[in-house]
Amino acid sequence: MDTNRTMSHAALWALLAGFVGLSSITLMETTIGTSTLDDLIVIEKPLPQVFRVLIDSGYIDKISQNIGNVQLKAKGLLAKGSSYKRILYSHGIPNPQVVTIEELEQDKIVTTKTALVGFDITYRYVLTASVDGKTLLSLKKDGQGGWLILKPLMIHLLTRPEHDGDHLMRIKQWVESTP
């Protein structure tokens, strides 16, 4: 067998494999896009009431879907630097997490951080009062790190209604149903 011909076939296959691999990664990055997801909702309650629900540990399992076994160090209002353990269930599979309050600015901002499928996930809630007494609540979900191949799974878990895609709607429904 001709050694040069075998080498050229091997080099061609390696080049083709590299091109396909690079093209696949580029296609995935183009298709998936950024790992930041933004959402906004209007809540028919005053800003302090909405903020209190976000920082009151008693509401954790009510405003998030598929959350169980919440373990708090102390009950009551969460503060910057405080953390709690919880289990997030995805398709019945438990994913233990530690959630930390990274930023808290009274009646303005609450930022939480946790890990999900190898990504550091940050939820940044920004509250704005409207002139008619309602509250605009925006949520920026950001995923950093992790393996590129798991990025579609992370986006699926953060955006699908059966996981956490309807998170703001759940907050709205809970806040508006309380006096």
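**A walk through the predicted model**

Y89 touches N66, G68 and P94, where contact means heavy atoms within 4.5 Å and residues up to four places away in sequence are not counted. This is a predicted model, in which local features need pLDDT of at least 70 and side-chain atom pairs count only at pLDDT 80 or more, while totals for chains, interfaces and linings use all residues. Residues are numbered from 1 along each chain as its sequence is written, and side-chain values use heavy atoms, with hydrogens and water left out.

Y89 lies in strand β3 (residues 83–90), strands (E, at least two residues) and helices (H or I, at least four) being DSSP runs numbered from the N terminus. Although Y89 and N66 are 23 residues apart along the chain, their C-alpha atoms are separated by 5.2 Å.

In helix α5 (residues 167–177), the buried residues are H167, L168, I171, K172 and V175, where buried means under 20% relative accessible area, exposed over 50%, and partly exposed in between (1.4 Å probe, protein chains only). Seen down the axis of α5, these residues fall within an arc of 135°, so they line one face of the helix; the arc is that of the directions from the helix axis to the C-beta atoms.

Turning to charged pairs, the side chains of K134 and E44 meet in a salt bridge (3.6 Å, N to O), a term for a side-chain nitrogen of Lys or Arg within 4 Å of a carboxyl oxygen of Asp or Glu. This pair links distant parts of the chain, 90 residues apart, with K134 in the loop between β6 (119–129) and β7 and E44 in the loop between β1 (36–43) and α2 (47–55).
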